[in-house]
Amino acid sequence: MLGGVYGVMSVGLTLIFGVLRIPNFAHGEFLMLGMYVTYWFVVFTHLNPVFSIAVSAAVLFVLGYFFQSQLLSRVSRQGEVPQIFLTVALSIFLSNAAEILWGSNYRIVPVSYTSTTFHIGLVSVYAPNAIIFAFSLFLAGLLWFLLNKTHTGLAIQATAQDPEAAQLMGTDIKKVTAVSFALGAALAAVAGSLLAPLYPIFPTVGSYFILLMFTIVVLGGLGDVKGAFVGGTLISVVLSVSSIFVTEDLGFALVFIMFILILVLAPQGLFGKTVK
Amino acid sequence: MLELESVDAYYGTLKVLDSITMKVDKGESVTILGPNGMGKTTLLRTIVGLMPARSGRIKYKGKDITQWPAHRRVREGISLVPEGRRVFPYLSVEKNLLVAAGTTSGGRREEDSLETVYSIFPDLKAKRKDLAGNLSGGQQQMLALGRSLIQSPSLLMLDEPSLGLAPIVVKSVYQAIRKIREGREELTLVVVEQNVRVALENASRGYVMQHGRVVAAGTSEELMNDSKLKERYLGV
């Protein structure tokens, strides 16, 4: 069930890194901001955190759009290294800004249902996990549909593969890139909002997730939504099984051993497409 | 239809188009000749808007389009089949066409235009689920042509459609181009080509470029029979 947690985290990065090929090291901080939005939303409104999703998605969409169209787009022609610098800089900026604004204390979203469990047959299910799992399935499905079944999605893929040729197809590539980056950021925020009731929230929480997110996106095959989802589930299963038999720290080692093995056997990832 | 008035273009500080003036009428088929590196590709890229014109004016259907971004020019009916084909390698053949059509599958109109492309290029229909990157060079050229055709352009520009293809494939590419022109008297064609004979056979007029300038212009017949010109600029 926790697979959904990792799945939902990675869907946004699949769009930004897998499809647009922008190595977004600030993705963890987008998630962190989503968590804080949910925290303050619940503190002020006392509503169910699920309702904060719309707010956090909107906030991060605007931030993502602004960041891509005003800053990232200026270096997008210079290859990956300047983009890495810029996104790492944003990541440091955001986590420090969060620390200045909200302090470095751990915050917990005050909700009632975190301890609720229900039973399906012999399996006991932890309610928040079930919500997250359902949501991440829904989001992954939505993104898959957007990318493969709508013209905007085709334009996004075309722009990622050959921006100049995409212009020749009548695509406004500046707009497409900014919108899809913003969408990826909004998805990170949704993940943050879903995770907020389960994890303590602090300014550098993003760095805890970012490495796993990149691993999942590459593992599933760059740009493949289904792959990111399966990859996320696989990693969470390895993590939770290993935490039963060994310690959780060793679980991470097992995850990366598995990652290396899969890359050796299938360099394009689990579901990656190749051109011969 | 298309008018260029003393258009200049630069790569950094290097001048690659030097005061180009030319005029193409509706329904004409014009070729641009000249050795490699003389600015032919740059000229097409400037017309479609991938390269900015530093000075001069470009007019299309009476409108000044010099400052328009490329995607707007494409939507107004200027289409370029770029050098090296530039199909989207990780999209299927059909999705390559749908990106160009500006719509998704499902609608009646899209089905019609897909069928039109497939009727000219039956090979593409057989391969429509394949990734474009897995097609042969000739098939990719057909796909690139199909992608432009589905935009129903008024001005179709082809950059070296025979580059890197076997002679027999070149023949079928030009057959396809003739098929495209059938029943489309309004379609204006501008073709950049290094293969002088093939180019002049398929065009009514030609321009010869040298170092970013137009050094000669005339009907295909005039250019074909000008032995001095051919010796000096075209190397045949």
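Guide: Let's start with helices: they are DSSP runs of H or I with at least four residues, strands are E runs of at least two, and both are numbered from the N terminus. Met9(A) has its place in helix α1 (residues 3-19) of chain A. This is a predicted model, where local features need pLDDT of at least 70, side-chain atom pairs count only at pLDDT 80 or more, and totals for chains, interfaces and linings use all residues. Residues are numbered from 1 along each chain as written, with chains lettered from A and ligands numbered from 1 in written order.

Visitor: Why is Met9(A) called buried?

Guide: Buried takes 20 or more other C-beta atoms within 10 Å of the residue's own (12 or fewer is exposed, in between is partly exposed; C-beta atoms are placed from the backbone). Met9(A) has 28, so buried it is.

Visitor: Which residues is Met9(A) in contact with, leaving aside neighbours within four places in sequence?

Guide: Leu31(A), Ala191(A), Phe209(A) and Met213(A). Contact is C-beta atoms, placed from the backbone, within 7 Å.

Visitor: What makes β1 and β4 of chain B a pair?

Guide: Pairing needs at least two DSSP bridges between the strands. Strands β1 (residues 2-11) and β4 (residues 55-60) of chain B have 5, in the antiparallel sense. Asp8(B), for one, stands opposite Ser55(B) in β4(B).

Visitor: Why do β2 and β5 of chain B stand at the edges?

Guide: The open sheet of chain B runs β2-β1-β4-β5. β2 (14-24) and β5 (63-64) each have a single partner strand, so one side of each lacks a neighbour in the sheet.

Notes
Contact = placed C-beta atoms within 7 Å.
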